[in-house]
Every structure is written in structure tokens, then in C-alpha cells.
Amino acid sequence: WKYTWLNEGFTTYVTTRIVEKLYGEEVAEMNLQVEQEEALASVKAGYNVREPLGKFLNSVGRKLFVVPLYTALLKNPNEKDWARTVYAKARSHYHPITQAAVDKAFKKQ
């Protein structure tokens, strides 16, 4: 189970592709955005959403979705170390532009 995050990432990828084929690209994109917005609201409210958020951050690499979540996590002292751990695992599958943006967010902290 060392590489469980790869499995989760693949599952999210396949699910998104299926939704895209069945309902179109806009619906698939909207589903990801809704998931990100729910996670962001939960983080800001201080809820413990580590399990689903970890899966999301390890499966979606778009800057639009990832940077606001890491930024919110870094504002919470109780979540900083966890955010660093998740990012260390997820970073390699993020786009270089996303990596640079998240790296910048971490440097600000």
C-alpha cells in the first residue's frame, strides 16, 4: 500500500474520463470544481477532511484546484505539517506551473 495515492489518482482520472464521455467535458470539470469548493469550505471551517482531501490533492493536479487548498491548509497551524506531507507525495504528478505555485505558497509560510 506504499503507493496507494497512485491508485486513488488513477481512480479519479478514470472516473472523470467516464463522466466526460457520458455527460461532456463541462460536467466533468464542474464535478471537480464542486469537489474542490466543498473541500476548501471544509478546510476554512476547520473540519477534519484529511482523508478525502488527501485523495483529492493526490489525484487532481490543476493549479486552479490545488493552490487554494494548500493555501488554506497552510493558514491553519494544525494542518501545515500534514499539508507538507501530502505535497511531498503529490508534487511529482503536478504540472510544473502548479508545482511552482504551490512551492511559492509554502515559501510564504
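**Exercises on helices H3 and H4**

H3 passes H4 in a left-handed crossing (the near helix is turned anticlockwise from the far one by less than a right angle). The model is predicted, with local features needing pLDDT of at least 70 and side-chain atom pairs pLDDT 80 or more. Residues are numbered from 1 along each chain, and side-chain values use heavy atoms.

**Exercise 1.** Classify the packing of H3 and H4 by angle, and list the residues in contact.

*Solution.* Step 1: helix H3 covers residues 50–59, and its axis lies 10 Å from that of H4 at an angle of about 140°. Axes are lines fitted to C-alpha atoms over the stretch in contact, and angles run from 0 to 180 degrees between N-to-C directions.
Step 1: angles under 35 degrees count as roughly parallel, over 145 as roughly antiparallel, 65 to 115 as roughly perpendicular and the rest as oblique. H3 and H4 are therefore oblique to each other.
Step 2: Leu53, Phe56 and Leu57 of H3 meet Phe65, Val66, Leu69, Tyr70 and Leu73 of H4, where contact means heavy atoms within 4.5 Å.

**Exercise 2.** Decide whether Ser42 is buried or exposed.

*Solution.* Step 1: Ser42 sits in helix H2, residues 25–45. Step 2: buried means under 20% relative accessible area, exposed over 50%, partly exposed in between (1.4 Å probe, protein chains only). Step 3: Ser42 has 18% relative accessibility, so Ser42 is buried.

Technical notes:
Helix = DSSP H or I, 4+ residues; strand = E, 2+ residues; numbered from the N terminus.
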